[in-house]
Amino acid sequence: MMLRAACISCAMVALLVTSGCVNGDWARQSRNRTNNPPITRPPAGKPPQAVPVGSNSNSNSGQPVVAIAPKPVSSEFSRNDDDRIANARHVKTLQVRCGSGSLRIEGAKRPSLDVKAWVYAWAESATEAERLNREINVQLLSAETDNPSVIVSDPRTAHSGQRFEVNLTIQLPQHVRVKVIDGPGNIEVSGLTHGIEVSNEAGTVEIWDVGGGIELTNRGGATTIESASGKINVVDQGSDLTISQIAGEVKVRDAGGKLSIQHVTGTVIASGNQQGIELINIDGQAKLYGIDPSKSKLQGVANLSFEAAQ
């Protein structure tokens with residue numbers, strides 16, 4: 001009897017220790033994931049890190065821990081040599097519509113158009129997380145045409161407290177013009193020669209090494225555009241905006257936040273920012289509408305005019 005009692009006691013101790021380790025790992029993960037930094041251009045082919053935004057992973061709070069499926073369900077689009085996307089030289093434009101999650105678009109001298117998706121879901125149980133995950137659809141449509149689309153469909157049902165995220169990486173020929181409608185999440189775009197149009201709801205936007213012009217409507221986080229050419233047209237709803245190293249015209253309508261425009265060879269037209277503007281090394285004419293000169297930093301701007309708000 002004493003031996004049996006000792007064995008039971010050892011088993012209980014081991015169970016408590018194991019439970020403490022699991023909860024400790026969750027607590028450490030929660031601390032590491034509390035502040036999700038902007039995506040930092042990881043190597044191509046590596047999925048951006050998923051973050052269970054809004055999940056309660058504090059085991060000491062007395063609240064249920066949001067369950068995560070054992071591993072992220074991965075959905076990958078790949079094309080064989082005989083697939084028409086394998087030779088995407090006929091593609092002229094690509095439309096991308098996605099929701100929560102990050103988006104990375106990489107243009108390069110390549111014949112194919114490749115889409116990779118990492119799909120995550122969080123729910124109150126592993127069964128619900130899997131159900132939520134499997135209802136998310138990532139589709140490449142009209143692949144045989146010169147105007148294909150990448151569409152991410154949200155789950156049919158998502159209950160209160162449940163979360164999902166789809167991180168996309170699209171690698172495509174640099175000549176393809178891209179149009180993006182994006183929900184919450186960060187966006188990175190690089191390497192395109194025929195321009196891009198972006199409508200962003202939330203999250204940061206980084207665009208660099210893009211020719212052919214940029215059309216951006218941003219209702220999200222901070223935006224950076226650098227090393228671009230063509231006409232740059234930005235409508236920003238109040239986040240920080242930095243534009244630099246531009247060969248072409250820059251037009252900005254900005255509702256607030258820090259506004260910096262630097263090293264532009266064409267005309268600069270900016271309006272709406274009541275906090276002033278930073279203008280540095282503008283070769284063309286600069287026209288500023290409704291911007292307070294006393295709050296502005298001006299350097300290397302030869303042809304400058306301040307006008308009343310339009």
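Start by selecting strands E16 and E18 (residues 259–264), which pair in the parallel sense over five bridges. Strands here are DSSP runs of E, at least two residues long, numbered from the N terminus, and two strands pair if DSSP finds at least two bridges between them. Show isoleucine 243 next; its bridge partner in E18 is isoleucine 261.

This is a predicted model, in which local features need pLDDT of at least 70 and side-chain atom pairs count only at pLDDT 80 or more, while totals for chains, interfaces and linings use all residues. Residues are numbered from 1 along each chain as its sequence is written, and side-chain values use heavy atoms, with hydrogens and water left out.

Turn to the open sheet of eleven strands, whose order is E6-E7-E3-E9-E11-E13-E15-E17-E19-E21-E23, with mixed pairing. Select its edges, strand E6 (137–141) and strand E23 (304–307): each has a single partner strand, so one side of each lacks a neighbour in the sheet. On average, neighbouring strands of this sheet are turned by 10 degrees against each other, direction ignored; the axes are lines fitted to C-alpha atoms, and angles run from 0 to 180 degrees between N-to-C directions. Inside the sheet, pick E19 (residues 268–271) and E21 (residues 286–289), which run parallel and are joined by four bridges. Isoleucine 269 has lysine 287 as its bridge partner in E21.

Next, select Ile105, Leu168, Ile196, Ile225 and Ile261, which touch the most other members of the largest nonpolar core, a set of 59 residues. Such a core is made of buried Ala, Val, Leu, Ile, Met, Phe, Trp, Tyr and Cys residues joined through side-chain atoms within 4.5 Å, where buried means under 20% relative accessible area, exposed over 50%, and partly exposed in between (1.4 Å probe, protein chains only). Strand E8 (residues 163–173) gives the most to this core, with five residues. Centre on isoleucine 196: beyond its neighbours within four places in sequence, its contacts (heavy atoms within 4.5 Å) include Ile105, Arg177 and Val210.

Finally, colour by pLDDT, the predictor's confidence in each residue, from 0 to 100. The protein has a mean pLDDT of 76, and 73% of its residues reach 70 or more. Over residues 1–84, pLDDT stays under 50. Where pLDDT is low, the predicted coordinates should not be read in detail.
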